[in-house]
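Trainee: Before we discuss any labels, could you show me the model and then let me ask what each label rests on?

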Amino acid sequence: MTKMKKLLAVGLASVLAVSFAACSNGGSSNGGDAATVKTGLGIVSEIQEVTDTTLTIDSVAAAVTVDADGKIVDVKIDEAQTKPDLAQDAGNVTDLRTKLEKGADYNMKGVSPIQKEWFEQAAAFETWAKGKTIDEVKAGIGDDGYPTDADLKAGCTIHASGFVAAVEKAVAGAQDLGATAADTLKLSVSTEKYYESNETNLQYDSNYAVVTLDADGKVTSCLIDASQAKCSIENGKFTVAAGSYESKKELKENYNMKGASPIQKEWYEQAAAFETWAKGKTADEIKAGADETGAVTDADLKAGCTINVSGIVANTAKAATV
């Protein structure tokens with residue numbers, strides 16, 4: 001082999017070695033940062049401010065992606081706040097939008113010392129939390145729940161203990177589900193009314209969905225959960241006690257659905273099957289997995305999930321919409 005040919009061969013081998021190393025380390029064809037990240041969802045729910053005829057149901061949800069060093073790559077926060085009033089159509093709340101969805105309609109700007117709406121202050125918290133560990137996030141909030149970090153206080157002065165608690169749960173439970181740092185993190189929260197009995201029980205169900213999306217709008221990781229606020233009523237008055245309550249995933253076997261399941265699977269197990277099935281799909285493909293009644297029609301999904309998925313599908317597809 002001539003000297004020139006040897007040089008060309010060595011050069012080509014070097015190029016191939018570099019290319020192989022890039023692929024082995026998660027390199028992507030679009031040149032984006034493809035370092036793997038963990039995906040997490042945290043929910044903090046509480047029934048509060050209970051009177052005879054009114055109460056407040058509050059759920060803070062946080063979605064995170066976390067890198068190998070435990071630093072938050074991205075975070076999304078929203079809050080569902082529902083205020084049933086038995087004097088108003090037996091607690092029939094008509095506006096079930098989250099605080100983020102309400103935008104300026106939440107109407108907090110006028111009483112804010114920095115003249116910022118809830119959604120603006122939540123966005124400031126998200127921006128501030130990126131690149132921090134959960135311990136660094138917690139260090140920016142005082143014992144009274146209000147921001148103490150100067151950078152955070154410039155854009156967020158509201159009580160943020162719920163934000164921190166939800167983010168802490170999300171980080172603690174984050175899993176390697178296939179997301180990369182180049183993916184887009186999305187969170188969707190939706191609440192609906194469900195009445196077992198207008199006389200004895202008023203119930204509000206919330207669905208939570210976290211997805212990461214690649215450049216083609218396909219889901220690279222998915223986490224879902226749900227919570228049920230059951231508000232007992234006696235003689236036209238609320239008798240429910242104030243306090244926190246767990247999501248369906250947190251309840252695990254205590255949700256007690258396995259015995260009634262045709263595939264003998266608890267809710268959290270069927271949720272996991274849905275999450276796995278949703279990976280690689282677009283929002284439209286997720287919606288195609290069930291009919292208009294919420295019954296599962298996709299054969300692969302049905303093997304591990306037979307519950308009614310109308311709320312789950314709608315919420316996950318909403319999160320996955322580009």
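Mentor: What follows takes the labels in turn and sets values against definitions.
This is a predicted model, in which local features need pLDDT of at least 70 and side-chain atom pairs count only at pLDDT 80 or more, while totals for chains, interfaces and linings use all residues. Residues are numbered from 1 along each chain as its sequence is written, and side-chain values use heavy atoms, with hydrogens and water left out.

Trainee: Why is Ser112 called buried?

Mentor: Buried means under 20% relative accessible area, exposed means over 50%, and partly exposed is in between, with a 1.4 Å probe and protein chains only. Ser112 has 6% relative accessibility, so Ser112 counts as buried. Ser112 lies in the loop between α2 (99–102) and α3, where helices (H or I, at least four residues) and strands (E, at least two) are DSSP runs numbered from the N terminus. Leaving out residues up to four places away in sequence, Ser112 touches Gln121 and Thr157, a contact being heavy atoms within 4.5 Å. Across the chain of 322 residues, buried residues make up 43%.

Trainee: What makes a set of residues a nonpolar core, and which residues have the most contacts inside the largest one?

Mentor: A nonpolar core is a set of buried Ala, Val, Leu, Ile, Met, Phe, Trp, Tyr and Cys residues joined through side-chain atoms within 4.5 Å. The largest such core has 27 residues, and those with the most contacts inside it are Ile77, Phe125, Val137, Phe163 and Val167. At least two residues of this core come from each of β2 (56–66), β3 (72–82), α3 (118–129), α4 (134–139) and α6 (161–172), and the largest share, 6 residues, is supplied by α6. Apart from this core lies another, of 26 residues, among them Leu213, Trp277, Ala278 and Ile286. Phe125, again leaving out residues up to four places away in sequence, touches residues including Ile77, Val137, Leu152, Phe163 and Val167.

Trainee: Why is one space called a cavity and another a pocket?

Mentor: Rolling a probe the size of a water molecule over the atoms shows where empty space is left. On a 1 Å grid over the protein atoms alone, a cavity is a set of points where a 1.4 Å probe fits but cannot get out, whereas a pocket is an open set with protein on both sides within 12 Å along at least five of seven lines, and lining residues have an atom within 4 Å of a point. Grid points are joined across faces, edges and corners, and a volume is the space filled by probe spheres set on the points. The structure holds 1 cavity of 30 Å³ or more, and the largest cavity has about 50 Å³ of space. Its lining includes Ile57, Asp58, Ser59 and Tyr245, and β2 gives the most to that lining, with 3 residues. The largest pocket has about 580 Å³ of space; 24 residues line this pocket, and Gln203, Asp205, Gln228, Lys248 and Tyr255 lie nearest its centre.
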